[in-house]
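Dear colleague,

Please find the structure below, followed by a short account of what was found in it.

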Amino acid sequence: MSDVAECRELLRQYGQEHVLQFWDKLSQDDRDELLQDINEIDIPEVVSYFKKATENFTSDQEKLDDRLNPIPSSLYGAVSRTPADMLASYEKEGLEQISEGKVGVLLMAGGQGTRLGSSEPKGMYDVNLPSHKSLYQIQAERIRKLTQLAYERTGKRSTITWFIMTSEHTMGPTLEFFSKHNYFGLDKNDVIMFEQGLLPCFQFNGRIIMDKPHKIAQAPDGNGGLYRALRDKKILDIIEDRGIMYLHAHSVDNILVKVADPVFIGYCVKKGADCGAKVVEKAFPTEPLGVVCNVDGKYQVVEYSEITLKTAEMRNNDGRLTFSAGNICNHFFTTRFLRSVADKHEQNLKLHVAKKKIPYVDSEGKRCSPEKPNGIKIEKFVFDVFQFCNNLVVWEVQREDEFSALKNADSAAKDCPTTARKDIYSLHKRFIEEAGGRVEEGSHVCEISPLLSYAGEGLKPIVSGKVFKSPILLLSPNETVVSNGSSC
């Protein structure tokens with residue numbers, strides 16, 4: 001619609017006529033920008049989203065105790081409870097799928113490092129390891145090493161296509177960062193970036209918030225916006241054209257993530273799953289992690305606040321929590337399942353409400369910053385597609401091996417750069433010791449390049465019988481020391 005009269009009538013029908021309240025005072029350029037905003041937003045759809053989301057917001061206060069069951073043991077595997085030969089068979093399967101070019105990675109990287117005190121995309125963040133590698137570089141190098149391992153195991157060369165979902169604000173800086181660093185050794189044709197969508201922000205009364213007199217306030221639609229973006233940006237077409245059958249989806253902010261983990265891929269493939277969730281065992285009943293479980297016969301993630309303490313504290317005969325599958329935003333999907341979600345189910349995804357302090361323009365057109373929440377952002381969550389799958393499996397991993405979130409500044413003392421460094425140092429120290437090396441007591445700084453070892457493999461010839469002293473930085477033969485860390 002290029003005609004302002006048409007726009008005005010549409011907005012009037014849905015109680016949003018205030019969007020044009022400053023029209024007479026706008027320059028032609030500002031008018032064009034506002035019309036573009038209105039045309040790009042499906043007004044009837046987003047207004048229906050507000051109604052649906054706020055209905056859910058009030059109805060979801062009920063506790064779900066009587067409606068949920070744990071994932072059955074036949075669909076719930078765990079590294080710690082699986083024999084070594086079975087783990088090896090899963091890894092073999094995963095590496096074979098990788099060697100055939102059938103595995104891709106979906107990275108959810110739309111967030112900025114605001115809580116970390118950075119205005120840059122979170123994937124660009126340097127947690128101050130000896131190498132000073134960013135999250136993006138660490139994950140890129142894990143992909144490179146994994147394709148090498150698959151080749152060594154099978155004799156077949158292949159690629160793992162890396163699909164990176166950014167947001168409007170992180171796309172430009174991310175593209176520039178990858179270009180500056182030559183895609184961290186990956187072929188740029190195998191790194192495909194695309195933007196997630198935006199949704200308008202709403203006042204509590206359902207009126208769209210104006211960010212400027214000529215600009216609608218919008219925010220990214222959550223990590224669950226992945227599915228619509230895969231369809232609308234034609235990424236699913238690329239996935240299918242490349243013959244990719246399985247995808248590992250995860251968020252950017254887990255410094256320990258095993259990108260395209262062959263054990264996880266192999267487990268899901270052997271189980272015939274269309275959807276998989278990697279989880280960690282909850283540390284205690286009230287730990288603020290959502291739990292993967294079954295509600296009314298359908299799979300979903302239930303937040304800890306949605307069940308009573310009595311249910312959260314329930315334990316099995318072996319002493320483990322009954323509802324222990326802590327969700328860590330780490331998933332497996334078949335391409336076929338993603339296509340069915342995008343084409344059939346995406347419009348039925350649950351909508352989540354986040355009350356926020358959202359800058360707005362007042363009746364005079366002046367931009368204001370509220371001191372308390374004044375509206376809502378509507379988000380979709382990536383795990384809310386579980387309800388649509390036929391066969392979901394759960395794979396429990398050791399937290400100290402695979403999960404260390406990076407969300408907060410060090411002042412929070414949790415999920416922060418200090419804890420991320422501590423966790424990676426601890427894991428890499430254990431890699432050295434398990435390979436026959438010794439780390440001197442009191443040596444806490446220990447980093448191993450992903451290009452040298454993906455998950456501790458191949459270190460024995462390098463470290464066996466040797467003693468290492470902090471700071472330790474073990475690099476692959478083709479790397480150079482890029483900081484004050486020392487290679488031993």
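F388 sits in the loop that joins β19 (375–379) to β20 (392–397); helices (H or I, at least four residues) and strands (E, at least two) are DSSP runs, numbered from the N terminus. The model is a predicted one: local features need pLDDT of at least 70, side-chain atom pairs count only at pLDDT 80 or more, and totals for chains, interfaces and linings use all residues. Residues are numbered from 1 along each chain as its sequence is written, and side-chain values use heavy atoms, with hydrogens and water left out.

F388 has a relative accessible area of 18% and is therefore buried (under 20% relative accessible area, with exposed meaning over 50% and partly exposed in between; 1.4 Å probe, protein chains only). Leaving aside residues up to four places away in sequence, F388 touches F337, H345, N348 and L349 (contact means heavy atoms within 4.5 Å).

S134, in the loop between β3 (103–108) and α5 (135–154), is buried as well, at a relative accessible area of 4%. Its contacts, again not counting residues up to four places away in sequence, are G123, M124, Y125, F177 and F184.

F177 belongs to helix α6 (residues 171–180), where M171, T174 and F178 are also buried. Seen down the axis of α6, the buried residues fall within an arc of 130°, so they line one face of the helix; the arc is that of the directions from the helix axis to the C-beta atoms. E176 and K180, on the other side of α6, are exposed. The cover over the buried residues of α6 includes α5, β4 (161–166) and β5 (191–195).

Yours sincerely
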